[in-house]
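Please consult the sequence and structure shown here.

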Amino acid sequence: MRTPLIAGNWKMNGSTALIEAFGSAFASATLPAHIDIVVIPPFLYLDAARHAFKNTPLQLGAQTLNPQHSGAHTGEISGRMLKEFEVGYVLVGHSERRKLYRETDEQVFDRLVAALDVGLTPILCVGETLEERDAGSTMQVVLRQVGHVMARLEPAQRLQVVIAYEPVWAIGTGRTATPEQAQEVMAGIRAYQAGFDTSLAEQLKLLYGGSMNASNAAELLAQPDIDGGLVGGASLKTNDFYAICQSA
Ligand code: PEP
């Protein structure tokens, strides 16, 4: 049985006030017993969140990390530092980083390995653009991104990775993949993993991301291969995020 995971990616949004609001709202929240909930604020808010979320089920994630553990990398944050602040998860390969900061599959791999090295759970983000979907190459693109990382990991490392399928055309656009579209790709990712190891494929946690909200979450999360969600815009409102967690 895979534990559902709902992760809220705040991107470059939020404030100390929002951290406090989440801390208060989730301290008294009644949530399903077996669910992991992760809030992923900008780096600067991680320490405040660590304190504000103490009496809540909320765990912490980071939006990226440097592949090195320390050194002359001005402006960067390492996995080791994240661990010191009780961060458990880190996004790697988010489409905004791939596009705006030109992160390549190779750099995504290096970051993911750095995360595994220090015991962070990487959430590997993959997904096709609209042009790639229209050209019929969705599965090819997604499996290239997944394969570039997973094929080079040791079996024990593969078990630590969470994969988020986020069609780029659905991120921040209000246009969600249909549950059938999402399920089709998820099943393809799981089948690819089964090529390494069927028990790993069974255990692999797969999240859907792309305009998930309180109204569409239940239907998406009901798909057999969707184990949770990576939520952007709707994770910035306590009520919406809470409602999505309730659907898991
Ligand atoms: C995301 O940033 O990963 C995301 C899914 O954003 P949104 O939910 O806003 O589409």
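Q: In which loop does Glu166 lie?
A: This model is predicted. In it, the place of Glu166 is the loop between strand 6 (162-165) and helix 9 (179-194).

Q: Is Glu166 buried or exposed?
A: A residue is buried if 20 or more other C-beta atoms lie within 10 Å of its own. Glu166 has 29 other C-beta atoms within 10 Å, and therefore it counts as buried.

Q: Which residues does the UniProt annotation "active site" cover, and what is the largest C-alpha distance?
A: According to the unreviewed UniProt entry, the annotation covers His94 and Glu166. Although they are spread over 73 residues of sequence, they cluster in space, with a largest C-alpha distance of 8.5 Å.

Q: Why does His94 count as buried?
A: His94 is located in the loop between strand 4 and helix 4 (95-100). It counts as buried because its C-beta neighbours inside 10 Å number 28.

Q: How many residues surround the ligand, and how many of the shell are charged?
A: The ligand is surrounded by 14 residues, with Ile171, Gly172, Gly209, Gly232 and Gly233 the closest. Of the shell, five are nonpolar and seven polar, while the charged residues number two.

Technical notes:
Residues are numbered from 1 along each chain as its sequence is written. This is a predicted model: local features need pLDDT of at least 70, side-chain atom pairs count only at pLDDT 80 or more; totals for chains, interfaces and linings use all residues. A residue is near a molecule or strand if its C-beta atom, placed from the backbone, lies within 6 Å of it. Ala, Val, Leu, Ile, Met, Phe, Trp, Tyr, Cys and Pro count as nonpolar, Asp, Glu, Lys and Arg as charged, and the others, Gly among them, as polar. UniProt positions are given in the numbering used here, feature names are shortened, and annotations may be inferred rather than shown by experiment. Helices (H or I, at least four residues) and strands (E, at least two) are DSSP runs, numbered from the N terminus. A residue is buried if 20 or more other C-beta atoms lie within 10 Å of its own, exposed if 12 or fewer, and partly exposed in between; C-beta atoms are placed from the backbone.
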